[in-house]
Amino acid sequence: MAFHAHLLPYVFGILGNIISFCVFLAPLPTFYRIYKNKSTQGFQSVPYSVALFSCMLLLYYGLIKTENGMMIVTINSIGCAIEMAYLVVFLIYATRESLISTVKLIALFNVLALGVIFVATTYAIENGPKRVAVVGWICAVFSVCVFAAPLSIMRLVIKTKSVEYMPFFLSFFLTLCAIVWFFYGLLIKDYYVATPNVLGFVFGIAQMILYMIYKGPKKQRKPIVQPRCECDQQATQRVLDLRAYLDMQEKRRVDLGSLLGVQVKPRVELEVIVETPENSVAEDEIVDEINEDVAKVSEELDGEKTIIPSVV
């Protein structure tokens with residue numbers, strides 16, 4: 001029974017290393033997306049900057065810890081390498097504003113804050129349990145910051161009602177990691193490791209609940225049918241109008257040709273030739289009759305003085 005009790009911290013330590021490694025790899029799809037789209041797309045660098053600082057601080061804590069520090073050193077060494085790789089990718093594809101803010105965060109946490117802690121604990125506090133205790137409490141505070149860092153993402157999820165920027169597996173492994181490291185710290189009586197993981201467990205559960213609330217089927221975007229360009233429509237209309245115009249011109253040409261091919265006969269003046277017989281009534285009487293007939297015909301033709309040919 002004592003053997004199992006002695007072995008149990010190593011089991012939880014190894015499990016903690018494996019699950020923490022999975023936590024570090026959980027953002028890989030996010031950074032693959034950033035790399036593929038050549039843009040950070042609204043993702044924030046705060047969780048990764050704080051995580052890098054926490055890994056470096058825990059690495060320092062594991063190195064000055066005289067007992068049970070190996071598990072802490074191994075996983076945080078890997079964590080430092082992975083988080084630095086994430087931040088390099090983020091800086092490459094970040095906008096100018098995100099680039100400046102990320103550089104400021106790295107300078108503030110990983111250069112200034114870490115430098116102050118290292119110098120202060122090295123030269124102001126003698127090596128031994130007291131230094132371990134001071135660095136341990138500092139680690140506990142900033143471990144809480146790591147677990148609280150996704151709060152900004154949770155606020156974004158509530159605001160946008162979308163879990164696009166909060167991967168489920170990251171929240172799941174974060175919760176599982178908090179459980180395992182809590183038991184590891186409890187078994188080795190390292191409360192600087194166990195205490196912050198209680199809050200980590202609470203934040204992890206809250207993130208998964210939030211994911212379930214706002215999780216939903218992705219809305220399929222309808223393909224946008226681009227309207228035909230106005231210039232194309234005008235060009236088509238012009239082609240049609242030009243064709244109709246040419247047809248009209250051809251018709252007019254044909255009609256004109258037809259008209260030109262018809263000879264308009266000049267107006268024929270009608271002439272009445274009256275032959276007077278030699279042996280007839282007196283000439284004066286005949287002339288009077290002719291004049292009367294002509295006047296009658298003229299009256300019937302609306303007064304037009306038309307000469308009607310004689311009928312044989």
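Predicted model: local features only at pLDDT ≥ 70, side-chain atom pairs only at ≥ 80, totals over all residues.
Residues are numbered from 1 along each chain as its sequence is written, local features require pLDDT of at least 70 and side-chain atom pairs pLDDT 80 or more, whereas totals for chains, interfaces and linings use all residues. Side-chain values rest on heavy atoms, with hydrogens and water left out.

Across the whole structure, 14 aromatic pairs were found (rings of Phe, Tyr and Trp, the latter by its six-membered ring, with centres within 6.5 Å; planes under 30 degrees apart are stacked, over 60 edge-to-face and the rest tilted). The ring centres of Phe53 and Phe142 lie 4.6 Å apart with planes at 75 degrees, so this pair is edge-to-face. Phe53 belongs to helix α3 (residues 46-64) and Phe142 to helix α6 (residues 129-148), 89 residues apart (helices being DSSP runs of H or I of at least four residues, and strands runs of E of at least two, numbered from the N terminus). Phe53 is buried, at 0% relative accessibility (buried, under 20% relative accessible area; exposed, over 50%; partly exposed, in between; 1.4 Å probe, protein chains only).

Trp137 and Tyr192 form another edge-to-face pair, at 5.2 Å centre to centre and 80 degrees between the planes. Trp137 lies in helix α6 and Tyr192 in helix α9 (residues 191-214), so the contact ties together parts 55 residues apart in sequence. Tyr192 is partly exposed, with a relative accessible area of 24%. Ring pairs also join Phe12, Phe182 and Phe183 into a cluster.

In an unreviewed entry, UniProt lists several spans as "transmembrane region", including residues 46-64 and 105-125 (positions follow the numbering used here, feature names are shortened, and annotations may be inferred rather than shown by experiment). Residues 46-64 are 100% helix and 0% strand, with end C-alpha atoms 27 Å apart; residues 105-125 are 90% helix and 0% strand, with end C-alpha atoms 27 Å apart.
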